[in-house]
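Visitor: I would like to go through this structure and ask what lies behind the terms used for it.
Guide: Then let us look at it and take the terms one by one.

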Amino acid sequence: MRQVQATPVKRLCNTHSAITVNGQFPGPTLEVNNGDTLVIKVTNKARYNVTIHWHGVRQIRTGWSDGPEFVTQCPIRPGESYTYRFTIQGQEGTLWWHAHSSWLRATVYGALIIHPREGEAYPFPKPKRETTILLGEWWDANPIDVVRQATQTGAAPNVSDAYTINGQPGDLYKCSSQGTTIVPIDSGETNLLRVINAALNQPLFFSVANHKLTVVGADASYLKPFTTTVLMLGPGQTTDVLITGDQPPSRYYMAARAYQSAQNAPFDNTTTTAILEYKSAPCPAKGVSIKPVMPSLPAYNDTNTVTAFSKSFRSPRKVDVPTEIDEDLFFTIGLGLNNCPPNFSANQCQGPNGTRFTSSMNNVSFVLPSNFSILQAHHLGVPGVFTTDFPAKPPVQFDYTGNVSRSLWQPMTGTKVTKLKFGSRVQIVLQDTSIVTPENHPIHLHGYDFYIVAEGFGNFDPKKDTSKFNLVDPPMRNTVAVPVNGWAVIRFVADNPGAWIMHCHLDVHIGWGLATVLLVDNGVGLLQSIESPPEDLPLC
């Protein structure tokens with residue numbers, strides 16, 4: 001049972017009425033085993049519409065429980081309830097859950113930890129203890145007001161005032177050191193850190209002073225272990241790392257700060273910290289405080305470190321990657337600017353040179369329906385809710401990462417989806433554009449894990465880039481950080497029927513339309529078909 005409600009939360013010296021689950025910030029951790037079935041009743045006692053998304057859960061045949069509002073369900077209205085029902089099938093590691101409605105996930109989020117089945121083990125030595133590290137983003141304001149103001153003005157929303165680790169900003173912010181998160185460790189022991197980037201709009205670097213991190217999993221898929229001193233996680237991504245207490249017993253900062261790939265865009269340049277504390281660390285004399293050692297973090301725009309990190313990801317063994325492709329799709333992703341509509345005043349067009357910010361995939365800025373969810377309209381055959389003409393490649397081909405003609409900066413709007421036959425083998429090239437500014441975009445696909453077979457910079461060229469594909473042991477993820485001014489190629493088999501949103505996990509970009517929906521048809525028979533909609537599915 002989960003209750004969404006307003007709760008007073010004090011951070012950075014000020015108390016805000018934050019929307020929380022069960023009065024907890026961050027929300028409660030769900031710990032389950034692979035194979036478990038979850039039944040979670042969500043009651044909305046807040047003043048906003050809400051839905052909950054179980055980020056990275058495959059939701060096989062249970063698309064009604066996926067959670068994005070107006071895609072798989074209408075929102076849960078204030079005072080109403082909805083029960084999410086789904087089974088974890090073949091997934092182990094770290095996922096998370098969050099609101100999928102407006103900017104509520106700024107405070108409505110928590111970890112979803114999937115342990116191996118009873119009697120089964122991790123593919124690495126059993127850690128002594130496990131700690132979840134939820135990286136978050138805090139506004140010294142009501143986040144809903146922040147996004148509403150931006151929608152009104154057409155400008156970019158105000159940046160956050162702090163990042164947090166397990167809800168706490170840490171020692172480098174005002175009024176915060178009382179609550180700094182402490183992570184215990186003992187000399188000689190190896191612990192598992194489950195790191196989750198739950199920030200709203202910012203990819204983050206994460207590091208622990210004087211300690212190496214061995215990456216063993218990401219997005220609830222195991223990886224071939226590799227050692228690093230720094231992680232980069234786009235919003236939505238999770239990374240499981242082993243850390244060993246092999247340093248002199250003391251206190252060490254773990255810290256996170258922005259990876260900012262967009263040029264000249266304002267961002268929150270603060271640093272959140274927690275303290276890795278050895279249990280045998282000497283106690284300081286009375287009144288003396290020993291300042292923990294600070295890790296060195298990469299420069300804010302250090303793309304080279306990000307590239308080296310993402311190139312280290314491999315599956316533990318040879319995997320079954322689709323080699324024959326039925327659906328070869330090419331999606332541009334990026335920003336745009338809308339000219340000021342004639343009926344708007346100047347203060348509604350405060351983007352660059354009197355425009356309004358927007359965002360698109362293949363020059364279509366996605367608009368959510370409001371009277372039906374897409375899945376409901378598809379299931380019931382309701383016309384007029386969406387169209388199935390999302391372009392399979394950019395309507396106009398151009399130098400995507402070069403100097404783009406201003407005539408291509410204003411996308412069209414629409415609720416356009418891509419229909420996929422059940423079982424089709426899909427490849428999607430995700431191509432960043434330099435329109436307004438190039439940027440690293442974390443692209444998340446609901447209902448699926450996919451293999452990232454390649455990534456690179458510049459414009460994707462099938463003639464020369466196909467030879468670089470890793471079809472042997474590519475990593476499996478649910479969210480891919482598409483390189484700034486570059487591209488990534490993903491592959492998967494469309495074996496889960498439903499309406500699956502694919503979107504940038506920077507919430508500012510979803511609101512502007514950086515999203516599309518993959519509509520996967522039912523196959524043959526019950527096991528290849530989506531379940532019937534639940535009785536208590538919310539109505540619009």
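**Terms and the values behind them**

Guide: The largest cavity is lined by 17 residues, and T332, N363, F398, L408 and I435 lie nearest its centre. Keep in mind that this is a predicted model.

Visitor: What makes a residue part of the lining of the largest cavity?
Guide: A lining residue has an atom within 4 Å of a point of the cavity. In the largest cavity 17 residues line the space, and strand β20 (residues 327–339) brings the largest share, five residues. The space itself comes to about 160 Å³.

Visitor: How many cavities does a search of the whole structure find?
Guide: Five cavities of 30 Å³ or more are found. The second largest cavity has a volume of about 70 Å³.

Visitor: How do the residues of the lining of the largest cavity divide by class?
Guide: There are 10 nonpolar, seven polar and no charged residues. The lining of the second largest cavity has six nonpolar, four polar and one charged. Asp, Glu, Lys and Arg count as charged, and the residues lining the second largest cavity include E455, so E455 falls in the charged class.

Visitor: Which element gives the most to the lining of the second largest cavity?
Guide: That is α2, with four residues. Both α2 (303–311) and β27 (450–457) supply at least two residues of this lining.

Visitor: Why is the pair of F331 and F390 called edge-to-face?
Guide: The ring centres must lie within 6.5 Å for a pair, and planes over 60 degrees apart count as edge-to-face. F331 and F390 are 5.1 Å apart centre to centre, with 75 degrees between the planes, so the pair is edge-to-face. The pair links distant parts of the chain: F331 sits in strand β20 and F390 in the loop between α3 (374–380) and β23 (412–414), 59 residues apart. Both F331 and F390 are buried.

Visitor: What makes the pair of F357 and W512 stacked?
Guide: Stacked requires planes under 30 degrees apart. For F357 and W512 the angle is 10 degrees and the distance 4.9 Å centre to centre, so the pair counts as stacked. This pair also links distant parts of the chain, with F357 in strand β21 (residues 355–361) and W512 in helix α5 (residues 507–512), 155 residues apart.

Visitor: Are F357 and W512 buried or exposed?
Guide: Buried means under 20% relative accessible area. F357 has 19%, so F357 counts as buried. W512 has 16%, so W512 counts as buried too.

Visitor: How many aromatic pairs does the count come to?
Guide: The count is 23 aromatic pairs. There is also one aromatic cluster formed by F330, F398, Y400, F460, F469 and W487. F398 is also one of the residues that lie nearest the centre of the largest cavity.

Visitor: How do you know that β14 and β17 pair?
Guide: Two strands pair if at least two bridges are found between them. Strand β14 (residues 213–218) and strand β17 (residues 238–244) have four bridges, so they pair, in the antiparallel sense.

Visitor: In which order do the six strands of the open sheet lie?
Guide: The order is β10-β9-β12-β17-β14-β15, with mixed pairing.

Visitor: What makes β10 and β15 edge strands?
Guide: β10 (162–165) and β15 (221–228) each pair on one side only. As for β17, six of its seven residues are buried.

Visitor: Why is D219 called buried, and why is N353 called exposed?
Guide: Buried means under 20% and exposed over 50%. D219 has a relative accessible area of 1%, so D219 is buried. N353 has 72%, so N353 counts as exposed. D219 is in the loop between β14 and β15, and N353 is in the loop between β20 and β21. D219 has a positive phi of about 50 degrees although it is not a glycine, and for N353, not a glycine either, phi is positive at about 50 degrees.

Visitor: Which residues does a cis peptide bond join?
Guide: The bond joins F25 and P26, with omega at about -10 degrees. P26 is in the loop between β2 (14–21) and β3 (30–33).

Conventions. Residues are numbered from 1 along each chain as its sequence is written. This is a predicted model: local features need pLDDT of at least 70, side-chain atom pairs count only at pLDDT 80 or more; totals for chains, interfaces and linings use all residues. Side-chain values use heavy atoms; hydrogens and water are left out. On a 1 Å grid over the protein atoms alone, a cavity is a set of points where a 1.4 Å probe fits but cannot get out, and a pocket is an open set with protein on both sides within 12 Å along at least five of seven lines; lining residues have an atom within 4 Å of a point. Grid points are joined across faces, edges and corners, and a volume is the space filled by probe spheres set on the points. Rings of Phe, Tyr and Trp (its six-membered ring) pair if their centres lie within 6.5 Å; planes under 30 degrees apart count as stacked, over 60 as edge-to-face and the rest as tilted. Buried means under 20% relative accessible area, exposed over 50%, partly exposed in between (1.4 Å probe, protein chains only).
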